[in-house]
Structure formats: C-alpha cells, structure tokens
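I opened this entry to look up a sheet, a helix and a ligand site. My notes follow in the order I checked them.

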Amino acid sequence: MPMLADPSVRYAPFQPAPYPARTWPDKKCQAAPIWLSTDLRDGNQSLANPMTNPQKLRFFRHLVQIGFKEIEVAYPAASDTDFEFCRMLLNQNEVPDDVWIQVLTPARADLISRTFEAVAGLKNVIVHMYNATSCLFREVVFNNNREETIGLATEHTAHLRKLAEQYAKSHGTNFRFEYSPETFSQTETPYAVEVCEAVKKTWLAGKESVFADGRHEERIIFNLPATVEVATPNVFADQVEMFCKGITEREKCIISLHTHNDRGCAVAAAELGVLAGADRVEGTVLGNGERTGNVDIVTLALNLYSQGYTPNLDFSDMFSVVDTVTECTGLPVHPRHPYAGELVFTAFSGSHQDAIKKGFEAQTAREKAGNKIWDMPYLPIDPADVGCTYEAVIRVNSQSGKGGIAYIVKSALALDVPRRMQISFYSVIQGMSEVSGKEMTSKDITSAFRQTYHFGTGHDGRMVLKSFTMENQRASRSSSVANTPEVSPARSPRGLSRITALSLNGAEPSPDRNGSANDDDLPSVPRKISANMIVDGQSYKITGDGNGPLSSFLDALNADLGIALSIREYSEHSVGAGSDVKAATYIEVIPPNVDPKDKTKGGFWGVGVDADITASGLKAVVSAANSWLGTTFTHWIADHNVLWRSPLTPEALASSIEYYALLGNGPPKLGYVYIAVGIAAVLAAGGKLMTGWRGKGGEVLWDGASVLLVASVTYNQVTEVYPTLISFPNPLPSPLTDHEMFPILAGAVRDLANDNIITSVMLTGVMLLQAGRYYSSKGTGEGYPRSAPPSTVSSPGSEVPPKLSERHATPFRELTEEEALELRSSSANASETESKASSLGPNSAKRSHRKPSSRKH
Ligand SMILES: CC(=O)SCCNC(=O)CCNC(=O)[C@H](O)C(C)(C)COP(=O)(O)OP(=O)(O)OC[C@H]1O[C@@H](n2cnc3c(N)ncnc32)[C@H](O)[C@@H]1OP(=O)(O)O
Ligand SMILES: CC(C)C(=O)C(=O)O
C-alpha cells in the first residue's frame with residue numbers, strides 16, 4: 001500500500017494533556033543521573049539470536065569496567081539461559097560489592113517466584129516488575145479496567161515484597177524494588193500516578209523506620225517508560241514533571257526513565273526528562289534494544305561530558321566498547337553513531353578541515369597559555385578523550401582542501417608547509433584523488449609529498465646535493481649532505497643557533513636580494529660555495545659567489561649547470577626540540593621569464609630539512625630546482641599539456657614551452673648523454689641485424705623490423721626533434737603568453753609532442769618485437785620441449801586427446817614440423833572430437849553432470 005495522500009484518515013495525533021505549569025525548560029542538567037544498563041535484558045531480548053552466557057558475561061564485565069553500578073542482567077523467568085546467567089554471576093563471584101543486579105519480571109506470581117530463585121544468594125538485587133497501564137493495553141491486552149490494573153500491580157507487589165523479605169532473611173540479599181507502569185508515556189499521567197501511589201503504599205507499608213534511619217537506598221524506583229516513543233520530547237518531559245510533582249513522598253522514590261527511540265528522539269526525551277525531575281536513566285550502550293532501540297547511554301554520558309560534567313562512566317577506550325557491543329550483539333555500529341562511530345571525528349570536506357587545522361593551532365596556543373578549555377570547530381569533544389588518534393580527524397578525498405592536506409603533512413612529517421606551497425601541493429593531491437575517485441590515505445599523501453618535492457630517502461630528483469663547502473670573511477666551513485635530505489651528519493652548532501635569528505615566518509626575500517633572505521643577521525659579506533652535485537647520475541662540482549649561502553648556490557647552479565633560478569618566497573621553522581632540533585626550509589623558485597610579482601604563476605616549490613640551517617636551505621633549493629627540472633628525462637608532462645589537456649590553455653602551453661626551452665638550453669653534457677643513448681641503440685640494432693645475416697633466417701625478420709623502427713626514430717630525432725629543441729630562445733621572452741613569439745613556440749611544442757608520440761610508438765614496437773624474440777627463444781619453460789617428442793603427437797586412431805592448451809603459452813614462435821602436423825591433424829579431428837565428447841572422455845562427463853532443474857512450476 002502506498003503512503004496515504006491524507007494520513008489523518010489512519011493516524012491520529014498524540015493528544016498531550018495541557019501542562020502550563022511546567023518548569024523544566026528553565027532547568028539545567030549539571031550532574032549525571034544514576035545509570036542502569038539494560039543491555040543484557042532489553043538489549044538482549046531484541047536480538048534475533050540472543051546472547052550466549054559467555055557473551056553476556058563478557059558484556060557484563062565490560063559494563064562493570066565502564067562504571068555501571070546498576071545492571072539489568074536478565075528476565076530470569078523467560079528462559080533457562082537467563083536463569084543460569086544469574087546463577088553464573090553468583091557462582092563465579094562476578095559481581096562487585098557496589099554493583100546492583102537488576103532482574104525483570106511481569107506481574108505474575110509464578111514468574112516472580114522463579115525470578116527470586118534465580119537471584120537467591122546475590123548480594124544486591126533490584127527486582128523490577130512491570131505491567132502496562134495505558135488505555136490500549138488495559139483494553140486490548142489485559143482486558144482490565146483501571147481498578148483491575150491497579151489491583152494487578154498491587155497484588156503482585158505484595159507477593160514480591162513477601163518473597164523479598166523471605167529471601168533477604170534466608171540468603172542475606174539486599175533487595176530493592178522497581179516498578180514500571182509500562183507504556184507510561186501513553187498512559188494518562190494522573191492515572192499513572194494513581195497506580196504508582198498504590199504500588200508505593202503496598203511496598204512501603206510499615207517501612208517508615210527505614211527512612212527515619214536515613215536508608216535512602218531503600219527508596220522505591222518508579223521507572224517511567226516511553227515504551228513506544230509517540231510524541232515529541234517536550235511532551236514526555238511534561239509527563240515526567242507532572243509525575244514527579246504528583247507522586248507523594250517524593251523523597252522515598254527514585255524516578256527513573258526508560259526511553260525508546262521510535263521517533264529518533266530517545267536521547268532528547270531522556271535529557272528533557274532529567275530536567276523535568278528524573279534521577280535515573282535506563283538505557284543501553286550504543287542504543288541496541290527493541291525496534292529502534294533503547295536510549296543510548298554513550299551519547300547521554302558524553303553529551304554531559306562535553307558540557308564539563310562528569311558522567312561517572314568511563315568511555316576512554318571507545319574502540320573496545322564498540323568491539324564488545326558488536327561482537328556480543330552481532331549488530332554493527334553505524335559509522336556516524338555519536339561519539340563512537342568510525343567517522344564521527346573525521347572531516348572530509350575542505351572548509352571543515354581548514355577550520356579544524358586552524359582550531360588545533362589555536363587550541364595548542366591557548367593551552368600553552370594555560371587555558372585548557374576545548375573550543376574546536378566541528379569537534380564537540382577532544383577525540384583523544386575517547387581513545388581516538390588525531391590521524392582520523394582529517395581524511396582527504398576530492399571534497400578536501402589545502403588545509404586538510406597540510407594538516408596531514410604536518411601530522412605525519414612535522415612540516416608546517418607555507419600557505420602558497422599548500423595551494424600548490426593541493427593541486428597535486430586534488431588531481432590524484434579525482435583520477436582515482438577514492439580517498440587519499442595519509443600514506444598516499446605523504447608519499448605524494450615526498451615524490452613531488454623529492455623529500456626523503458629514495459625520493460631523489462634528477463639533481464642531488466652531495467656535499468658543500470662555504471667560505472666567507474668570518475668563517476670557513478665544510479659540510480657533507482647525507483643521501484636523505486632529512487638528516488645531515490653536519491650538525492653545526494652555529495647553524496642551529498641561527499634558527500631563531502633567521503626565522504622570517506613566511507616573510508619573503510625581495511626579488512633583488514635573490515636568496516640572501518637568511519642573512520638578515522649578518523652584514524652582506526661575499527660568500528663562496530663549492531658544492532658536489534649529482535645530476536642525472538653524473539657528478540659535478542659547482543662553485544658560485546653571492547651575498548649568502550643561497551645566493552651563492554643559485555649562482556653556482558646557473559654558472560655551472562645552466563639552471564637559472566631565483567627565490568620568490570622563503571620560510572622556515574624549527575622541527576623538534578632540544579638537541580634533536582632541525583630546521584625545515586621552504587623555498588619557491590622562479591625561472592627568469594616569470595614575473596616575480598605575479599604570485600599566481602610560474603613558481604616551483606621545494607623543501608629541505610636538516611640539523612644545519614644552511615644545509616636545510618640548500619636542500620630546499622635543490623628540491624625546488626628538481627620540481628622545475630621535472631622528475632625524469634622524458635617529456636610526458638609537457639606533452640600532456642599539449643596533446644591531452646582540454647581546454648588547452650595558454651598557461652599550459654607556456655609551461656610546456658618552458659620545459660622544452662630548459663631542455664634545449666640545458667648543460668651540454670645532457671646533450672651528450674642523449675646522443676650516446678641514440679648511438680647505443682643504433683649500434684645494438686645494427687649488431688642484431690648482422691647476426692641475422694649470419695644465417696638465422698627467422699631472426700632477420702624480427703631484427704629487420706627493429707632496425708627499421710630504430711632507424712626511423714633516429715632520423716626523426718636528428719632531423720626534427722633536435723633542431724626544434726635548440727631553436728628555443730634563452731631566456732624566453734617575458735611575459736611569454738602575450739609575446740609575439742608565443743604562437744611560434746606553441747607550434748614548436750606541438751611538433752615536439754607529435755614527434756615524441758611517433759618515437760614512443762616506434763620504440764614500443766621495438767620492445768614488443770624484442771619480447772617476441774625473447775619468448776620464442778625461451779620456449780614455454782618447464783616441461784615443454786622445443787620440439788615435441790613423437791609420442792605426444794596424435795596419430796589417426798589415437799585415443800589420447802591432443803594437448804592444445806599447452807600451445808597457448810608460446811607466443812611468437814614458429815611451429816616445429818611435428819607441431820604443425822599435430823595442429824593440422826587435431827583441427828581435422830576437431831569436429832569428430834566434439835561429437836564424441838558427449839559420450840567419451842572426461843570433458844563429456846563435466847558437460848553433462850548438471851542435473852536438469854528440479855524446480856516445480
Ligand atoms: C516492554 C518490555 O520490554 S516488557 C519485557 C518483554 N520481554 C519479554 O517478553 C521476554 C521474556 N518473555 C517470555 O519469555 C515470555 O513472554 C514469558 C515467559 C514471560 C511468558 O510466556 P507465556 O506464559 O507463554 O505468555 P506470553 O509470552 O504469551 O505472554 C502473554 C501473557 O502474559 C500477560 N502479560 C503480559 N505482560 C504482562 C505483565 N507485565 N504482567 C502480567 N502479565 C502480563 C498477557 O496479558 C498474556 O496473558 P494471557 O495469556 O492471559 O492473555
Ligand atoms: C519493562 C519496561 C520497562 C520496558 O522494557 C519498556 O517499557 O520498554
């Protein structure tokens with residue numbers, strides 16, 4: 001049946017009693033209520049497969065560990081399992097002295113008696129009796145009028161009291177009594193009060209001395225259930241306040257709440273009910289229970305905690321709580337479950353991440369100043385308080401922003417990346433995550449960072465700084481730089497002491513000073529650097545002069561390697577503390593044709609970390625220069641701009657032009673390497689051709705094709721690629737995209753990209769041909785003879801099926817004569833073999849072994 005156009009024909013609104021005298025809206029909840037966990041009763045009775053007793057025991061122990069002092073463990077009259085669980089708790093001495101065991105019974109004499117048998121001998125027991133009091137239940141379920149309903153309750157209260165006194169005497173048990181007017185929230189509140197008055201009278205009759213002695217633990221518990229949640233939480237709060245004010249001898253009663261979540265408001269109803277005067281709340285850990293569940297005590301407790309009130313329950317290890325609940329109930333916990341779900345302290349979206357990152361920084365600063373109050377965007381409590389690490393707080397996908405990514409880099413690598421570098425790295429991660437369509441893990445992000453900035457062992461770029469010596473008028477020093485940019489054996493105390501003095505906190509060197517930013521504390525004195533570098537595997541010693549370490553290094557790169565870069569932005573911070581302190585330096589470099597003032601374009605970032613501040617700066621320059629140089633000696637990135645980018649922007653073309661101009665005007669030695677590779681390829685191909693001429697007829701075909709392809713590539717490189725490459729002007733005109741040469745240069749990079757495509761297709765062809773040759777000479781490996789022995793070849797009348805499947809593992813090979821024969825005979829027999837297959841051989845059995853469908857129609 002579809003939803004009704006007019007639901008009022010079927011559903012009537014709940015009619016709350018008017019209660020204008022309410023005071024609860026102005027109350028505050030400033031202390032935890034008494035908690036009762038009913039996980040092992042109400043939670044258990046709602047499970048398709050109720051818990052086994054070992055599971056119940058595990059859960060019980062965990063509840064005790066969390067700090068529950070009242071635990072409803074069973075409905076002992078319901079089943080032997082529940083009965084035995086109570087005995088198990090007694091026999092194994094599982095119940096701490098300060099914990100009360102609660103058991104539920106209906107208002108039926110036989111079941112009450114059975115309940116007492118179950119708990120006989122336990123130290124502290126609350127016997128909980130219920131009968132429904134609402135009009136619907138009175139009429140439909142019990143067929144009782146109001147008086148009869150009260151009679152049912154009082155009669156069984158009297159029976160229960162008798163047994164309690166008896167068992168207290170015989171077993172020394174402390175008994176308390178809880179009565180639930182089940183379906184309280186659907187019962188007329190004054191009538192619920194009337195029922196409870198009658199029950200109270202029966203239970204407390206003659207016990208005046210108990211209260212006169214101040215034994216308040218003897219108070220009767222009236223538990224007010226929203227057995228089914230039928231109205232808004234304010235209605236429930238009104239009912240609770242009405243009850244609290246209506247019941248006499250309030251001081252002799254504990255008012256308890258038992259809310260269910262049918263409208264999704266169990267937490268709100270319990271919270272407002274407490275404001276309305278309740279002392280106690282029954283619920284389950286993480287909200288399992290009938291239908292939509294009982295109220296979730298984790299949420300209630302941590303809501304209090306987040307307001308600065310101690311909940312008297314310890315959820316410090318939320319993971320183990322979730323494990324216990326899920327493993328015992330067999331139910332999952334929703335990833336968005338308040339305080340406990342896997343994702344509840346996690347932000348994927350950029351603006352949330354940005355705010356959280358800034359929030360953490362502000363929180364750290366506040367705490368340093370002595371104010372520990374948690375005040376964090378998007379995070380109501382500190383995840384660490386419930387056993388979460390901060391790692392999961394920010395997770396990155398295509399919805400994320402630079403702040404979140406920077407947060408992860410900072411958490412994982414202790415690098416506080418400057419804002420503009422964050423933006424630059426963000427585009428790297430954004431691109432990756434859009435391509436994959438998946439979340440980027442912290443590991444993905446840190447390894448992308450290392451790769452992008454050539455940071456850390458195993459992430460060297462094309463250029464590596466091995467060691468350097470620095471001379472100036474004050475001192476002369478030398479350092480070697482370890483392979484990993486993060487650690488340097490050079491620990492100059494002088495360098496370290498300068499970290500603070502040189503810290504510019506993101507201030508940029510003015511372009512004209514060109515890298516002398518970290519010389520603020522020194523007068524401008526000429527420096528000379530001598531550095532040992534590896535570029536594309538070749539060692540170079542470079543030297544340069546300048547007003548500081550960075551400017552002299554940039555001078556050396558320009559003079560000896562033809563790498564003309566200047567610094568546009570510089571910042572640094574210390575990493576760690578004490579004797580392990582290091583400096584982290586971030587540098588943005590720009591090539592000569594880039595406008596230093598237009599910070600939206602043309603920069604390349606680098607990072608360096610070292611115990612020596614000079615080494616950290618130099619490493620940052622090398623890292624940035626590597627970003628500019630590109631990762632490998634290939635042109636894919638530049639060509640991608642030209643061939644596959646849509647729309648093809650002038651900026652994309654400009655960056656490809658810059659790349660090829662750099663290559664064309666690069667150090668001559670790079671050119672020699674390029675030519676040497678070409679010559680080696682030609683010689684190798686030629687050598688193979690000769691081998692082919694010397695007699696192996698079959699191989700000449702392959703070698704011939706390879707030679708043809710290699711020759712074509714060489715011709716293309718010599719006549720097209722090389723002349724185009726060296727035609728790029730040095731320096732490039734600036735601003736590039738507006739210059740009249742731009743269309744010509746754009747055409748040149750298009751030609752180069754096309755040439756590169758041709759080259760790569762041809763070289764791929766060579767590789768495939770060579771692979772074919774390799775496999776043909778190798779055979780199939782184990783067990784496959786280069787020429788098949790006669791016994792494996794089928795002959796007319798042979799019953800052995802030919803092993804054709806083995807043949808598939810041998811690509812690109814000529815067949816031996818025997819194999820050719822075998823193949824021919826097998827194809828001639830193919831149709832015959834097929835027709836025989838239904839009656840002969842193992843395959844026929846396989847094909848026919850399925851039974852015809854036995855389904856009846
Ligand atoms: C809201 C709640 O969560 S209440 C707790 C619910 N939990 C459970 O029911 C789990 C355990 N229950 C059981 O194992 C069984 O129901 C038992 C053992 C208690 C009783 O089983 P049975 O004797 O077979 O009765 P049944 O389960 O059909 O219960 C219905 C009978 O109990 C009566 N009844 C229901 N609740 C109560 C009550 N609180 N007090 C007295 N009688 C009650 C019904 O009116 C009905 O009586 P009828 O047979 O005369 O019409
Ligand atoms: C027995 C009562 C308290 C109950 O479980 C309910 O009303 O939900």
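I began with an open sheet of three strands, ordered β13-β14-β15 and paired antiparallel. The model is predicted.

Next I checked the pairing of β13. Nine bridges join β13 to β14 (residues 582-590), and the two run antiparallel. Within this pair, I found Ser 571 opposite Tyr 586 in β14. I then asked what α19 touches on the sheet. α19 packs there against β14 and β15, and its direction makes about 150 degrees with that of β15.

I moved on to α18. Helix α18 (residues 549-561) has 13 residues and reaches 17 Å from first C-alpha to last, close to the 18 Å expected. Its buried residues include Pro 549, Phe 553 and Leu 557. I noted what covers the buried residues of α18: β13 (566-575) and α19 (613-629) are among the elements. Just after α18, Gly 562 takes a positive phi of about 70 degrees.

Last, I looked up ligand 2. Which residues surround ligand 2? Among them are Asp 42, Tyr 130, Glu 182, Asn 223, His 258 and His 260. β5 (174-182) and β6 (220-226) each give two or more residues to this shell. By class, I recorded three nonpolar, five polar and two charged residues around ligand 2.

Notes
Residues are numbered from 1 along each chain as its sequence is written. Chains are lettered from A and ligands numbered from 1 in the order in which they are written. This is a predicted model: local features need pLDDT of at least 70, side-chain atom pairs count only at pLDDT 80 or more; totals for chains, interfaces and linings use all residues. Helices (H or I, at least four residues) and strands (E, at least two) are DSSP runs, numbered from the N terminus. The expected span of a helix is 1.5 Å times one less than its number of residues. A residue is buried if 20 or more other C-beta atoms lie within 10 Å of its own, exposed if 12 or fewer, and partly exposed in between; C-beta atoms are placed from the backbone. Two residues are in contact if their C-beta atoms, placed from the backbone, lie within 7 Å. A residue is near a molecule or strand if its C-beta atom, placed from the backbone, lies within 6 Å of it. Ala, Val, Leu, Ile, Met, Phe, Trp, Tyr, Cys and Pro count as nonpolar, Asp, Glu, Lys and Arg as charged, and the others, Gly among them, as polar. Two strands pair if DSSP finds at least two bridges between them. Axes are lines fitted to C-alpha atoms, for helices over the stretch in contact, and angles run from 0 to 180 degrees between N-to-C directions.
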